[in-house]
Amino acid sequence: MSHSVSDLADVLADSVPWMSVRTADSVPGPEWVSCADVVSEQQSGGDPTYAWRTAVQADYGREYAIDPPVQVAAMFTLMWYVQVPSLVAGVTAAATGVSPEVSPSALAFRRHPTAHYPVEVALLSQEVVPMATAAAQLKAHTTAFLDSYVPAVKLGSLQRFGAVDDEVRAAIRLPDEAPYAAQAAAAFAVSLEQKLRTSCCYVYVLPNVNACTTCPRFR
């Protein structure tokens with residue numbers, strides 16, 4: 001069975017309840033974040049996620065009445081960014097065996113206005129690719145982002161790149177029907193048997209907040 005990008009957008013929307021998905025010829029509007037722009041600006045020495053991290057930091061400060069450690073906002077912003085191409089590739093590959101293109105130029109997203117996570121995704125390319133190609137695109141995209149992400153706090157390589165594995169593993173598990181899950185896991189080099197995350201969100205450092213049940217600290 002062949003699939004169009006529009007078909008795959010519907011698969012994503014059905015599988016990811018907190019996110020709406022659309023196809024578009026270009027970035028839909030000024031409130032949208034172009035993945036290509038983020039990567040390009042970071043690689044040029046800029047810090048395009050600064051406002052995003054600052055908003056998350058301020059919200060945690062208000063909620064917990066403290067000056068929260070900067071690594072919390074830095075890590076959530078990292079995870080939310082890499083979640084976008086990971087969800088697009090992982091969900092569709094597991095459900096259909098193919099994926100939309102997930103290169104930076106092929107994706108844009110809009111953040112939730114108060115919770116700050118990506119709540120809408122736009123698929124900007126009409127190209128449908130095999131899962132092996134999607135895996136290569138995901139690796140190239142996230143590596144370009146992570147290698148140039150400088151959030152004013154040190155995040156080790158296991159934290160950075162482990163987050164991609166965590167997000168794509170979770171994405172492969174999301175569809176109600178995922179006949180290609182095993183093949184997708186192999187293509188993206190993740191184990192569906194892994195129970196604990198590889199990376200940590202650091203949320204446990206906030207007052208009276210317990211670590212997630214899948215926190216790697218439980219190893």
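The model is predicted, so local features need pLDDT of at least 70 and side-chain atom pairs count only at pLDDT 80 or more, while totals for chains, interfaces and linings use all residues. Residues are numbered from 1 along each chain as its sequence is written, and side-chain values use heavy atoms, with hydrogens and water left out.

**Exercise 1. Overall fold**

Determine which secondary structure elements the protein has and in what pattern they follow one another, and then compare its radius of gyration with the globule rule.

Solution. Begin with the assignment, in which helices (H or I, at least four residues) and strands (E, at least two) are DSSP runs numbered from the N terminus. The protein has seven helices and six strands, and along the sequence these give the pattern α-β-β-α-α-α-β-β-β-β-α-α-α. The radius of gyration is 17 Å, close to the 17 Å that the globule rule gives for 219 residues, so the protein is as compact as a globular protein of that length; here the radius is taken over C-alpha atoms, and the rule is 2.2 Å times the number of residues to the power 0.38. Taken along the principal axes, the box filled by the C-alpha atoms is roughly 55 × 40 × 30 Å.

**Exercise 2. Burial, contacts and charge**

State what share of the residues is buried, what share of the contacts joins residues at least 24 apart, and how far apart the centres of the positive and negative side chains lie.

Solution. Finally, count Lys and Arg as positive and Asp and Glu as negative, leaving out His and the chain ends, and place each charge at NZ of Lys, CZ of Arg, CG of Asp or CD of Glu. There are 14 positive and 21 negative side chains, and the centres of the two sets lie 10 Å apart.

**Exercise 3. The sheet**

Work out the strand order of the four-stranded open sheet, and explain why one side of β1 and of β2 is left without a neighbour.

Solution. Two strands pair if DSSP finds at least two bridges between them, and the order can be built one pair at a time.

- Strand β1 (residues 20–23) runs parallel to β5 and is joined to it by four bridges, with V21 standing opposite V121.
- Strand β4 (residues 107–111) runs antiparallel to β5, with five bridges between them, and R111 has P118 as its bridge partner.
- Strand β2 (residues 33–34) is joined to β4 by two bridges, in antiparallel fashion; V33 stands opposite F109, and S34 has A108 as its bridge partner.

As for cover, six of the six residues of β5 (residues 118–123) are buried.

**Exercise 4. Positive phi**

Is A65 buried or exposed, and is H116 buried or exposed?

Solution. A65, in the loop between α3 (50–64) and α4, has a positive phi near 55° and is exposed, with a relative accessible area of 71%. H116 lies in the β4–β5 hairpin, which has six residues between the strands, and takes a positive phi near 80°. With a relative accessible area of 8%, H116 is buried.

Key:
Buried < 20%, exposed > 50% of the residue type's maximum accessible area, 1.4 Å probe, protein only. Contact = heavy atoms within 4.5 Å.
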